[in-house]
Amino acid sequence: MNETTNGPAWMKVLGASLLASFVGMVVFTVFLVGQIGVSSATLTMLPGVLLLAVGLVMLNASIHVRLTDQIELQFRPIWRRRIAFVDVASVRTQAETWYQFGGVGLRWKPNATGLILGHRPAVVITTRQGYEYVVQCHNAEEVAAAINEHLTSK
């Protein structure tokens, strides 16, 4: 089973805006080279690199769940985790919302990792060590059922 949930439209628009801001920073830096010199103008690009990185992540953000002989969770393009089925204690769905993790994106709190892209249901995978992975997806019920099916067939 493969499940992919793309980032919301507002996230993609914001990511594109950040990339446009990066282009503006490059143009501004080229202008500054003649005025203040190469080394000082280069320092003005440091915030621009942050804009570029965050913009690219926001533009390409998606959550991917893949079930093979293990559970593979991805927050594309920056994070991946594989969980063996023998390490899973329980799987359930929950009406998870962004504010429970303090925002959207790849989020951490004590004993939990959240793959959050808005206000939608999530699959909650609890490991035998008590760690939770909260993964929002379009078909949370189907994903949870598929994982539970793998757990009972092993």
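Buried means under 20% relative accessible area, exposed over 50%, and partly exposed in between (1.4 Å probe, protein chains only). Arg82 is partly exposed by that scale, with a relative accessible area of 46%.

This is a predicted model: local features need pLDDT of at least 70, side-chain atom pairs count only at pLDDT 80 or more, and totals for chains, interfaces and linings use all residues. Residues are numbered from 1 along each chain as its sequence is written, and side-chain values use heavy atoms, with hydrogens and water left out.

**Salt bridges**

Side chains of opposite charge can pair when their charged atoms come close. Here a salt bridge is a side-chain nitrogen of Lys or Arg within 4 Å of a carboxyl oxygen of Asp or Glu. A search of the whole structure finds three.

| Salt bridge | N to O distance |
|---|---|
| Glu72 and Arg80 | 3.4 Å |
| Glu72 and Arg82 | 3.6 Å |
| Glu132 and Arg92 | 3.3 Å |

Glu72, Arg80 and Arg82 are linked in a network of salt bridges. Glu72 is buried, at 9% relative accessible area. Arg80 is partly exposed, at 44%. Helices (H or I, at least four residues) and strands (E, at least two) are DSSP runs, numbered from the N terminus. The side chains of Glu72 and Arg82 meet in a salt bridge. That pair links distant parts of the chain: Glu72 sits in strand 3 (residues 70-76) and Arg82 in strand 4 (residues 79-84), ten residues apart.

The side chains of Glu132 and Arg92 form another salt bridge. Glu132 lies in strand 9 (residues 132-136) and Arg92 in strand 5 (residues 88-94), so this pair ties together parts that are 40 residues apart in sequence. Glu132 is partly exposed, with 24% relative accessibility. Arg92 is also partly exposed, with a value of 36%.

Val123 belongs to strand 8 (residues 122-127). Val123 is buried, at 1% relative accessibility. Contact means heavy atoms within 4.5 Å. Leaving aside neighbours within four places in sequence, Val123 is in contact with Val91, Arg92, Tyr133, Val134, Val135, Cys137, Ala140, Val143, Ala144 and Ile147. The C-alpha atoms of Val123 and Asn139 are separated by 9.0 Å. Those two residues are 16 residues apart along the chain.

Thr126 is found in strand 8 too. Thr126 is buried, with a relative accessible area of 13%. Not counting residues up to four places away in sequence, Thr126 touches Asp87, Val88, Ala89, Ser90, Tyr131 and Glu132.

**Helix 1 and helix 3**

Two packed helices are described by the angle between their axes and the distance between the axes. Axes are lines fitted to C-alpha atoms, for helices over the stretch in contact, and angles run from 0 to 180 degrees between N-to-C directions. The axes of helix 1 (residues 9-36) and helix 3 (residues 46-60) come within 7 Å and cross at roughly 155°. That makes helix 1 roughly antiparallel to helix 3, a label for angles over 145 degrees.

Residues of helix 1 that meet helix 3 include Trp10, Leu14, Leu18, Phe22 and Met25. Among their partners in helix 3 are Pro47, Val49, Leu52, Leu56 and Asn60. The residues of this contact divide into 16 nonpolar, five polar and one charged. Ala, Val, Leu, Ile, Met, Phe, Trp, Tyr, Cys and Pro count as nonpolar, Asp, Glu, Lys and Arg as charged, and the others, Gly among them, as polar.

Technical notes:
Parallel < 35°, antiparallel > 145°, perpendicular 65-115°, else oblique.
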